[in-house]
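Please examine the model shown below with its sequence.

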Amino acid sequence: MDILPMHVQGKGSELHVWLTHDGRDATLTPWGRAVLRGNVPNGLWGRQPDASGDGIIPDRILGIRLTSPPVDHGTSTGFLDEQAISFDPINPDGNQPLSGEPATGPVPTRPGAVIAAIQDGIDTIATRNNRTALAQALTTLGAPLGVLDTDLSAYAHAAGTSFTAEPMLVAG
């Protein structure tokens, strides 16, 4: 590194980064790293005050960008104790709008292969394009969604463990 106003040439500069979590050393191995480069003025970082050219030194290291690894949402909700699945009773019980008449309308069925259809269709180019179009439409209407996940492979994988049974569908 050269610093022209200080008349210093050939010096080095190092930056050491440590990552800790809960007071313990963590590793930067899964983190992304990119060297940031750019142009710098010769009047500050050059060797000669009257250097030729436009006074710009190209492609110098300006810093580094560290990018955290993607979040692993997992497929588990974690431990659920009795308190977490409790409910507030409604007292007194009210009259239920049930009659002795049989139900009318289409009957829900479990046709099967619904979970497989979700797994096979959630991370396709067509689905991603449809999501992007929907997000753009919502943004136009004043309800921006922000940045969308572009990789839905984890969702496709999780679909197989998210459902306890094939969903029921109503056709008709």
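Strands are DSSP runs of E with at least two residues, and they are numbered from the N terminus. The model under discussion is a predicted one. In it, strand β3 covers residues 32–41, and Gly38 is part of this strand. The relative accessible area of Gly38 is 16%. Because buried means under 20% relative accessible area, Gly38 is classed as buried. Beyond its neighbours within four places in sequence, Gly38 makes contact with Ile57, Pro58, Asp59, Arg60 and Leu62.

Helix α1 comprises residues 42–45, and Asn42 belongs to it. Asn42 is likewise buried, with a relative accessibility of 8%. When residues up to four places away in sequence are not counted, Asn42 touches Leu4, Arg47, Gln48, Pro49, Ala51, Gly55, Ile56 and Ile57.

Attention now turns to helix α4, which spans residues 153–162 and in which Ala156, Ala158 and Ala159 are buried. These residues lie on the same side of α4, because they cover an arc of only 165 degrees around the axis. The other side of α4 carries the exposed residues Ala154, His157 and Thr161. What, then, covers the buried residues of α4? The covering elements include α2, residues 114–121.

Notes. Residues are numbered from 1 along each chain as its sequence is written. This is a predicted model: local features need pLDDT of at least 70, side-chain atom pairs count only at pLDDT 80 or more; totals for chains, interfaces and linings use all residues. Side-chain values use heavy atoms; hydrogens and water are left out. Helices (H or I, at least four residues) and strands (E, at least two) are DSSP runs, numbered from the N terminus. Buried means under 20% relative accessible area, exposed over 50%, partly exposed in between (1.4 Å probe, protein chains only). Contact means heavy atoms within 4.5 Å. The arc is that of the directions from the helix axis to the C-beta atoms.
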